[in-house]
Amino acid sequence: MKRRVTMPLRKKTAAVLAVVLAAAAPLCSEEGRFQVALAGGFHRHFSYGSERDYVQGENDFPVTPAHDASVVGLSLSYAFKPWLAVEYDGRFVGSSALILRDPSDGDLLRCRSNRHFSFALNFILRLPGGRIRPYLFFGGGLDRIEAKEETVISDFGHEVYLPPPSENDLVAPLLQFGSGVEVGLFKAFGIRLDGRYALVLADPASVRSVSLTAGLFLRI
């Protein structure tokens, strides 16, 4: 069975960083070209794999169902123009519960998805000026899963060994695009709402996902 799935959200760290950003906001200029953003929220993986990939004793649970996880991200961007910026974005996606099914006999395997993290370079097109600034973005990068071997007992009492992916399968290309809005609360500080679609070009099956996040931004 091959699983490409999904670091818990560090609430204390996020809270500390949010306080630091808020405290630093009055010191910053509205004309700052650099911007730091911290966000967290919801990440949904769509189902992937096919029953046609079933191989007894090798890939007994070929379909990974849709599942949800938490996500936390940190980004740094630089604005070349008021309407154009480039952003370096890093995200961590936590683990979630999975129920996998053996299509040959209906046996169920209860396990958890793998945590994973991604790094991407995005281009941002932002409506210049004003306290409310919608934006669009697109970009790409790499996604890496955090996996280890484990043995799980199925509902029928079978012992199922889940081998870790090879080193070549741990990292895969990532493409993403989305939109959002930034709402200024002070000169250079405000909230950011973001939605995005991501495609991880993994082997043997690509993984599609969407995420919705909310967070804080600071221009410096």
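Visitor: Which strand does Arg192 lie in?
Guide: Strand 11. Bear in mind that this is a predicted model.

Visitor: Why is Arg192 called buried?
Guide: Buried means under 20% relative accessible area. Arg192 has 7%, so Arg192 is buried.

Visitor: What makes the pairing of Arg192 with Glu87 a polar contact?
Guide: The cut-off is 3.5 Å between N or O atoms, one able to donate a hydrogen and the other to accept it. The two side chains come to 3.0 Å, therefore the pair counts.

Visitor: Which residues is Arg192 in contact with, leaving aside neighbours within four places in sequence?
Guide: Among them are Ala37, Ser75, Glu87, Ile124, Tyr135 and Val181. The list also includes Glu182, Thr213, Ala214, Gly215 and Phe217.

Visitor: How much space lies in the second largest cavity?
Guide: About 90 Å³. Of its 13 lining residues, Ala37, Ala39, Ser75, Arg91 and Arg192 are the closest to the centre.

Visitor: Which strands each supply at least two residues of that lining?
Guide: Strand 1 (34-45), strand 2 (67-81), strand 3 (84-93) and strand 11 (189-200).

Visitor: How do the lining residues of the second largest cavity divide?
Guide: Six are charged, four nonpolar and three polar. Arg counts as charged, so Arg91 and Arg192 belong to the charged group.

Visitor: What links Tyr88, Phe92, Phe117 and Phe119 into a cluster?
Guide: Ring pairs do. Two rings pair if their centres lie within 6.5 Å. The whole structure holds nine aromatic pairs.

Methods:
Residues numbered from 1 in each chain as written. Predicted model: local features only at pLDDT ≥ 70, side-chain atom pairs only at ≥ 80, totals over all residues. Heavy atoms only, no water. 1 Å grid on protein atoms, 1.4 Å probe; cavity = no way out; pocket = protein on both sides within 12 Å on 5 of 7 lines; lining within 4 Å. Points joined across faces, edges and corners; volume = space filled by probe spheres on them. Helix = DSSP H or I, 4+ residues; strand = E, 2+ residues; numbered from the N terminus. Phe/Tyr/Trp six-rings, centres within 6.5 Å; stacked < 30°, edge-to-face > 60°. Buried < 20%, exposed > 50% of the residue type's maximum accessible area, 1.4 Å probe, protein only. Contact = heavy atoms within 4.5 Å.
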